[in-house]
Amino acid sequence: MPKITFFNLPEDKKETLIQAVKKEFSRVPLYDASITNIIKEASISRGSFYQYFEDKEDAFFFLLNELTKENKYIFIHLLSRNHGNLFETMIEFFRIIVSEEENFNFLKNTFLNMTHRIENTFARSFSSTDKNENFEIFSSLVDKSNLNISNDNELFYILQIIAAVTFRNFVDKFARDLTVEDAMNTYLIEMNLLMNGLKKSNI
């Protein structure tokens, strides 16, 4: 979490610093990033940087959290527009993320250097790693009538399964440099398997 001095910056200086941070984490992954590059780009001193952030990890997760907030807004909008259809919403959401141009390199560096903390942070865009207020919001919007579940506990685990499949497809897209359509084709196959079930009925 950035320090209070960061939030007290004038908007133009804050934006300059954010863009400098974003440029560096778009150039390289978190652990290869250089604070020196950030302060040069932002035209601030090293001491000033540490007045705003604890360290480069703090700056990175500030950016990731901001992106997650934007994604959550998009996801909830899609879920409402799709009348609670979870699978249609996930497919639309996936296309938006893999079609992203402005944050392409930042996302690529993020997904190709995934850690448990990064995954948990980004997952808040469309899921929840705990049965908390975020989960209750998602649960209230999801149309459960077309899901083979009996309670919110099962919905929670469905979201975990979908999140795991989605993350694997994000990584695959960036690792193999897939086109948007190739990434979508693979994701659609996997989501259709989840929608239709993996076990044949006895009928």
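From the N terminus on, the elements of the protein chain run α-α-α-α-α-α-α-α-α-α-α, which amounts to eleven helices and zero strands, where helices (H or I, at least four residues) and strands (E, at least two) are DSSP runs numbered from the N terminus. The model is a predicted one, in which local features need pLDDT of at least 70 and side-chain atom pairs count only at pLDDT 80 or more, while totals for chains, interfaces and linings use all residues. Residues are numbered from 1 along each chain as its sequence is written, and side-chain values use heavy atoms, with hydrogens and water left out.

Taken along the principal axes, the C-alpha atoms of the protein chain fill a box of roughly 70 × 35 × 25 Å. Of the 203 residues in the protein chain, 44% are buried, a class defined by under 20% relative accessible area, with exposed meaning over 50% and partly exposed lying in between (1.4 Å probe, protein chains only). Among contacts between residues at least 6 apart in sequence, 65% join residues at least 24 apart, contact here meaning heavy atoms within 4.5 Å.

Two annotated spans come from the UniProt record, whose positions are given in the numbering used here, with shortened feature names and with annotations that may be inferred rather than shown by experiment. The feature "domain: HTH tetR-type" (unreviewed entry) is placed by UniProt at residues 11–71; the end C-alpha atoms of this span lie 22 Å apart, and the span is 79% helix and 0% strand. For "DNA-binding region" (unreviewed entry), UniProt lists residues 34–53, a span that is 75% helix and 0% strand, with its end C-alpha atoms 14 Å apart.

Angles under 35 degrees count as roughly parallel, over 145 as roughly antiparallel, 65 to 115 as roughly perpendicular and the rest as oblique. Helices α2 and α5 pack at an angle of about 100°, with their axes 10 Å apart, and α2 is therefore roughly perpendicular to α5. In this pair, I18, V21, K22 and F25 of α2 meet K56, A59, F60, F62 and L63 of α5. The residues of the contact of α2 with α5 divide into seven nonpolar, no polar and two charged, with Ala, Val, Leu, Ile, Met, Phe, Trp, Tyr, Cys and Pro counted as nonpolar, Asp, Glu, Lys and Arg as charged, and the others, Gly among them, as polar.

Helix α5 (residues 56–81) and α7 have axes that come within 12 Å and cross at roughly 110°, so that α5 is roughly perpendicular to α7. The crossing of α5 past α7 is left-handed, a term used if the near helix is turned anticlockwise from the far one by less than a right angle, clockwise being right-handed. F60, L63, L64 and L67 of α5 and F106, L107 and T110 of α7 make the contact, which comprises six nonpolar, one polar and no charged residues.

Helix α2 (residues 11–27) packs against helix α7 (residues 104–111) at an angle of about 55°, with the axes 7 Å apart, and the two helices are therefore oblique to each other. The crossing of α2 past α7 is left-handed. The contact is made by F25, S26 and R27 of α2 and N105, F106 and N109 of α7, and by class it has two nonpolar, three polar and one charged residues.

Leaving aside neighbours within four places in sequence, L86 is in contact with F75, L79, V142, I158, L159 and I162.

In the loop between α10 (152–175) and α11 (180–196), L178 counts as buried at 11% relative accessibility and, with neighbours within four places in sequence left aside, is in contact with D172, K173 and A183. D177, found in the loop between α10 and α11, is exposed, with a relative accessible area of 55%.

Most residues other than glycine have a negative phi. D177, although not a glycine, has a positive phi of about 50°. H83, in the loop between α5 and α6, has a positive phi near 55° and counts as exposed at 68% relative accessibility.

Methods
Axes fitted to C-alpha atoms, helices over the stretch in contact; angles between N-to-C directions.
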